[in-house]
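Biologist: I should like to go through the assignments made for this model and hear the reasoning behind each of them. Please set each value against its criterion before drawing a conclusion.

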Amino acid sequence: MFTRVKPACTFAVLICIALGSGPNRALAVTAEVARKCKALTTKAYPPRQIGNPAAGSAKGTGRAEQDYFNSCVVNAGKTDDPAPNQSK
């Protein structure tokens with residue numbers, strides 16, 4: 001009887017340890033940081049046609065724009081360098 005209970009308990013303990021020791025979850029982005037990063041991203045990657053998000057940006061690619069925004073959020077609204085000058 002105890003031979004079956006021990007492996008099950010050991011397995012349950014290992015699962016709890018594995019789930020508990022995982023990487024820390026990222027904190028939620030505040031509205032202030034998101035607004036600041038959106039403004040910085042818009043300044044670094046101006047839209048090709050104002051009011052039309054489907055037109056794309058005048059500089060860089062969509063992926064570069066997302067990476068710039070994400071790095072801004074990770075750094076709490078601070079960017080070290082301006083966006084690279086890329087042409088489409």
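Biologist: How many aromatic pairs does a search of the whole structure find?

Modeller: The search finds one aromatic pair. The model is a predicted one, and the pair consists of the rings of Tyr45 and Tyr68.

Biologist: What makes the rings of Tyr45 and Tyr68 a pair, and why is the pair called edge-to-face?

Modeller: Rings pair if their centres lie within 6.5 Å, and the centres of Tyr45 and Tyr68 are 5.7 Å apart. Planes over 60 degrees apart count as edge-to-face; the planes here stand at 75°, so the pair is edge-to-face.

Biologist: Which parts of the chain does the pair link?

Modeller: The pair links distant parts of the chain, 23 residues apart. Tyr45 is in the loop between helix H2 (31-44) and H3, whereas Tyr68 is in helix H3.

Biologist: Why do Tyr45 and Tyr68 count as buried?

Modeller: Buried means under 20% relative accessible area. Tyr45 has 3% relative accessibility and therefore counts as buried; Tyr68, at 11%, counts as buried as well.

Biologist: What makes Ser57 buried, and which residues does Ser57 touch?

Modeller: The relative accessible area of Ser57 is 6%, and the limit for a buried residue is under 20%, so Ser57 is buried. Ser57 has its place in the loop between H2 and H3. Leaving aside residues up to four places away in sequence, Ser57 touches Tyr45, Pro46, Pro47, Arg48 and Glu65.

Biologist: Why is Lys59 called partly exposed?

Modeller: Partly exposed lies between the limits of under 20% for buried and over 50% for exposed. Lys59 has a relative accessible area of 33%, so Lys59 is partly exposed. Lys59 also lies in the loop between H2 and H3. From C-alpha to C-alpha, Lys59 and Arg48 are 8.2 Å apart in space and eleven residues apart in sequence.

Biologist: How do you know that the span of H2 agrees with what 14 residues should give?

Modeller: At 1.5 Å a residue, the 14 residues of H2 should span 20 Å. The end C-alpha atoms of H2 are 20 Å apart, so the two values agree.

Biologist: Which residues of H2 are buried, and how do you know that the buried residues line one face of the helix?

Modeller: Val33, Cys37, Thr41 and Ala44 are buried in H2. Seen down the helix axis, the buried residues fall within an arc of 65°, so they line one face of H2. An α-helix has 3.6 residues a turn, so residues three or four places apart point the same way. The buried residues of H2 pack against H3. On the other side of H2, Glu32, Arg35, Lys38 and Lys43 are exposed.

Biologist: What makes the phi of Ala76 worth a remark?

Modeller: Most residues other than glycine have a negative phi. Ala76 is not a glycine, yet has a positive phi of about 60°. Ala76 is found in the segment after helix H3 (62-74). With a relative accessible area of 46%, Ala76 is partly exposed, as the limit for an exposed residue is over 50%.

Biologist: What pattern does the chain follow along the sequence?

Modeller: The pattern is α-α-α, with three helices and zero strands in the chain. Of the 88 residues of the chain, 14% count as buried.

Note on methods: Residues are numbered from 1 along each chain as its sequence is written. This is a predicted model: local features need pLDDT of at least 70, side-chain atom pairs count only at pLDDT 80 or more; totals for chains, interfaces and linings use all residues. Side-chain values use heavy atoms; hydrogens and water are left out. Helices (H or I, at least four residues) and strands (E, at least two) are DSSP runs, numbered from the N terminus. Buried means under 20% relative accessible area, exposed over 50%, partly exposed in between (1.4 Å probe, protein chains only). Rings of Phe, Tyr and Trp (its six-membered ring) pair if their centres lie within 6.5 Å; planes under 30 degrees apart count as stacked, over 60 as edge-to-face and the rest as tilted. The expected span of a helix is 1.5 Å times one less than its number of residues. The arc is that of the directions from the helix axis to the C-beta atoms. Contact means heavy atoms within 4.5 Å.
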